[in-house]
Amino acid sequence: MNGRKSFGGGGGGRGRGGQGGQQQGKDGQQRRPMFRRRKVCKFCADKIDDINYKDTRLLMPFVPERAKILPRRISGTCAMHQRKLRTAIMRARQLALIPYTAE
Amino acid sequence: MNRKYELVYVVSPDATDEQVNELHTQVEGIAQRMGGTIDKTENWGRRRLAYEIGRHKEGTYVLEVIDGSGELMKEIDRRLKVTDLVIRHLVVRVDEVQSVIDRTRTKRSDVSRRRRVARGLPPDRQPGEGQRGDPDDDRDDRFDLGEDMR
């Protein structure tokens, strides 16, 4: 369901592999759909319960160059953890542990 | 009723170590006066700020875990606001969040134990069982291989 369509829209830039396969899939090779790495919530997979604002090492991958919060559709984070991540990032920003914007 | 709070404040880089210590004693003083205790103090030392605050590019971070009432934290908050040496501070209540974290942790281990017992295994993971090495790494390899092969 969230396979081909959502990828075609959102997968444009952010370092997701296997872009070459897209055309092939359209041309009729329905037997073998493009291989896609399944997105999993990092926090569910690694069993991280505590998303803490003090842990910049954990948060930094979710605030790429422009320092915006990485959306769920790209990171694959589940709704619950994205909410917690958001509060953690906002707190860390207040304390200047994480930037609001890239200068 | 006493609750647990975390207080982080960023002290201006111009401040001397003594001034930082003095701030800590001030906070401690307020806490004691209003029936609270400081459970833990951590000085993270001087760190680079992610963005400039005022004209500062660095700051000394201090974390205090405080057990106390809401009024106490309000007072500390007020005092830190008027202290010029403190360029940023944040108070967060942690007891509720912590209890939620503990609950999910125990629940998860309980569930996994129950499932293991149901499968006829000992409740706890034995050494050398399951995926070898770094499980994350392992999975990565498999995916990359799949991509190459097609």
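**Close-up 1. A:Asp50 in its loop.** A:Asp50 sits in the loop that runs between α3 (42–45) and α4 of chain A; helices here are DSSP runs (H or I, at least four residues), strands are DSSP runs too (E, at least two), and both are numbered from the N terminus. This is a predicted model, so local features need pLDDT of at least 70 and side-chain atom pairs count only at pLDDT 80 or more, while totals for chains, interfaces and linings use all residues. Residues are numbered from 1 along each chain as its sequence is written, and chains are lettered from A and ligands numbered from 1 in the order in which they are written. Is A:Asp50 exposed or partly exposed? A:Asp50 has 16 other C-beta atoms within 10 Å, so A:Asp50 counts as partly exposed. The cut-offs: buried takes 20 or more other C-beta atoms within 10 Å of a residue's own, exposed takes 12 or fewer, and partly exposed is in between, with C-beta atoms placed from the backbone. Although A:Asp50 and A:Ala88 are 38 residues apart in sequence, their C-alpha atoms are 9.9 Å apart in space.

Close-up 2. Helix α6(A) covers residues 79–94, which makes 16 residues. From first C-alpha to last, α6(A) reaches 23 Å, close to the 22 Å expected at 1.5 Å a residue (the expected span is 1.5 Å times one less than the number of residues). Which residues of α6(A) are buried? They are A:Leu85, A:Ala88, A:Ile89, A:Ala92 and A:Arg93. Looking down the axis of α6(A), these buried residues fall within an arc of 135°, so they line one face of the helix; the arc is that of the directions from the helix axis to the C-beta atoms. An α-helix has 3.6 residues a turn, so residues three or four places apart point the same way. Over on the other side of α6(A), A:Ala79 and A:Met80 are exposed. Part of the cover over the buried residues of α6(A) comes from α4 (56–59) of chain A. Leaving out residues up to four places away in sequence, A:Ala88 touches A:Ile51, A:Asn52, A:Tyr53 and A:Leu59; a contact means C-beta atoms, placed from the backbone, within 7 Å. Just past α6(A), A:Ala96 takes a positive phi of about 60°.

**Close-up 3. Helix α1 of chain B.** Helix α1(B) is made of 17 residues, 17–33. B:Leu23, B:Val27 and B:Ala31 are the buried residues in α1(B). They fall within an arc of 75° seen down the helix axis, so they line one face of α1(B). What does the face turned away from that buried side carry? Look there for the exposed residues B:Glu18, B:Thr25, B:Gly29 and B:Arg33. The cover over the buried residues of α1(B) includes β1 (3–11), β2, β3 and α2 (70–82) of chain B.

Close-up 4. Four strands form an open sheet in the order β2-β3-β1-β4 (chain B), with antiparallel pairing; strands pair if DSSP finds at least two bridges between them. β2 (37–53) and β4 (86–93) of chain B stand at the edges with a single partner strand each, so one side of each is left without a neighbour in the sheet. On average, and ignoring direction, neighbouring strands of this sheet are turned by 20° against each other. β2(B) and β3 (residues 56–68) of chain B pair over 11 bridges in the antiparallel sense. B:Ile38 stands opposite B:Ile66 in β3(B).

**Close-up 5. The largest nonpolar core.** This core has 30 residues, and a nonpolar core is a set of buried Ala, Val, Leu, Ile, Met, Phe, Trp, Tyr and Cys residues joined through C-beta atoms within 7 Å. Those with the most contacts inside the core are A:Leu59, A:Ala88, A:Ile89, A:Ala92, B:Tyr9 and B:Val10. Two or more residues each come from α6 of chain A and from β1, α1, β3 and α2 of chain B. Which element gives the largest share? That is β1(B), with 6 residues.

**Close-up 6. The two chains as a whole.** Chain A has 6 helices and 0 strands, while chain B has 4 helices and 4 strands. From the N terminus on, the elements of chain B run β-α-β-β-α-β-α-α. Buried residues make up 15% of the 103 residues of chain A and 16% of the 150 residues of chain B.

Key: Axes fitted to C-alpha atoms, helices over the stretch in contact; angles between N-to-C directions. Contact = placed C-beta atoms within 7 Å.
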